[in-house]
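The following paragraphs walk through one protein model, from its overall layout to single residues. Please keep the sequence and the coordinates in view while reading.

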Amino acid sequence: APEPAPQAAAPAPEEEAAEPQVRSRPTRRARTASRPSRPAPEAAAQPMASTALPEGRLAESGAAAQALVLDYLESVSAPGAVMLGTAPRYYAPQVRFYGRVTGLPALLAEKRRFVRRWPERHYEAQGGATRTACNAASATCIVHTTFNFRADNPGRGVRSQGVSELTLTISFAGERPLIVAESSRVLRRYGAGPQSAIANAQRGA
């Protein structure tokens, strides 16, 4: 990997211009006028609008996060055009996607490559295998769900199938819940295949 660019040195402060010496003794009025005026007190910083979740909404947000995960998995099973068309509604503009922070355009490009690699997909959450933890201060919920997956590429004659765990961090700071982080890991794999539909090369849908 290329080395990071060295930190640029801060520019030197501009030299102050030397003031000419005044040989005559200044009058009292002149001394008073030359005194620097006191700066006006700074206005108090306005508090930022809080994005924290009210404690009473934690259970509601947890249920909404779980519903979003199930809806998301269903969208991954849809035909490629439908999956790509609905993907932007699930994600925030910046997402930590499998360990790296990426913008939405780059994430959608990754989704397109995934659809080309696996044109046929079926993802289904296992009943009772979802865990949710919500944080009121950060207005987020982390959802872990175990699901069965099967992905096929008929043109290449390959299939990938097994069981994976999906982890999504969902933010409730805006008008609607959005995914701000995504990762997954394969728990069990069935059958032979050159690559996984979920986690090979740390990519997935």
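Two residues are in contact here when they have heavy atoms within 4.5 Å. With that cut-off, and leaving aside neighbours within four places in sequence, Thr 146 is in contact with Ala 125, Gln 126, Ala 129, Val 163, Ser 164, Glu 165 and Leu 187. Thr 146 lies in strand β4. Its relative accessible area is 12%, so Thr 146 counts as buried, the limit being under 20%. The model is a predicted one.

The overall layout comes next. The protein chain contains four helices and six strands. Read from the N terminus, these elements follow the order α-α-α-β-β-α-β-β-β-β. Of the 205 residues in the protein chain, 35% are buried. The protein chain exposes about 13,800 Å², and carbon and sulfur atoms account for 53% of that area. Among contacts between residues at least 6 apart in sequence, 59% join residues at least 24 apart.

The structure holds six aromatic pairs. One of them is formed by Tyr 72 and Tyr 91, edge-to-face, at 6.2 Å centre to centre and with 90 degrees between the planes. Because Tyr 72 lies in helix α2 and Tyr 91 in strand β1, the pair ties together parts that are 19 residues apart in sequence. Tyr 72 is buried, with a relative accessible area of 3%, and Tyr 91 is buried with a relative accessible area of 3% as well. A second pair joins Tyr 123 and Phe 149: the ring centres are 6.4 Å apart and the planes are at 65 degrees, so this pair is edge-to-face. Tyr 123 lies in strand β3 and Phe 149 in strand β4, so the pair ties together parts that are 26 residues apart in sequence. Both Tyr 123 and Phe 149 are buried. Ring pairs also link Tyr 72, Tyr 90 and Tyr 91 into a cluster. A charged side chain meets a ring elsewhere: Arg 156 lies over the face of Trp 118, at 6.0 Å from the ring centre.

Gln 66 is in helix α2, and at 32% relative accessibility it counts as partly exposed. Apart from neighbours within four places in sequence, Gln 66 is in contact with Thr 130, Thr 132 and Val 143. Gln 66 and His 144 are 78 residues apart in sequence, yet their C-alpha atoms are 9.1 Å apart in space.

Helix α4 has 14 residues and reaches 20 Å from its first C-alpha to its last, close to the 20 Å expected at 1.5 Å a residue. Its buried residues include the nonpolar Leu 104, Leu 107, Leu 108, Ala 109, Phe 114 and Val 115. Glu 110, Lys 111 and Arg 117 in α4 are buried too.

Most residues other than glycine have a negative phi. Tyr 98 is not a glycine but has a positive phi of about 55 degrees. Tyr 98 is found in the loop between β1 (91-97) and β2 (100-103), and is buried with a relative accessible area of 9%. Ala 139 also has a positive phi, near 55 degrees. The loop that holds Ala 139 runs between β3 (120-135) and β4 (140-153). Ala 139 is buried, with a relative accessible area of 0%.

Conventions. Residues are numbered from 1 along each chain as its sequence is written. This is a predicted model: local features need pLDDT of at least 70, side-chain atom pairs count only at pLDDT 80 or more; totals for chains, interfaces and linings use all residues. Side-chain values use heavy atoms; hydrogens and water are left out. Helices (H or I, at least four residues) and strands (E, at least two) are DSSP runs, numbered from the N terminus. Buried means under 20% relative accessible area, exposed over 50%, partly exposed in between (1.4 Å probe, protein chains only). Accessible areas come from the Shrake-Rupley method with a 1.4 Å probe; for residues, only the protein chains shown count as cover. Rings of Phe, Tyr and Trp (its six-membered ring) pair if their centres lie within 6.5 Å; planes under 30 degrees apart count as stacked, over 60 as edge-to-face and the rest as tilted. A charge sits over a ring if NZ of Lys or CZ of Arg is within 6 Å of the ring centre and within 35 degrees of the ring normal. The expected span of a helix is 1.5 Å times one less than its number of residues.
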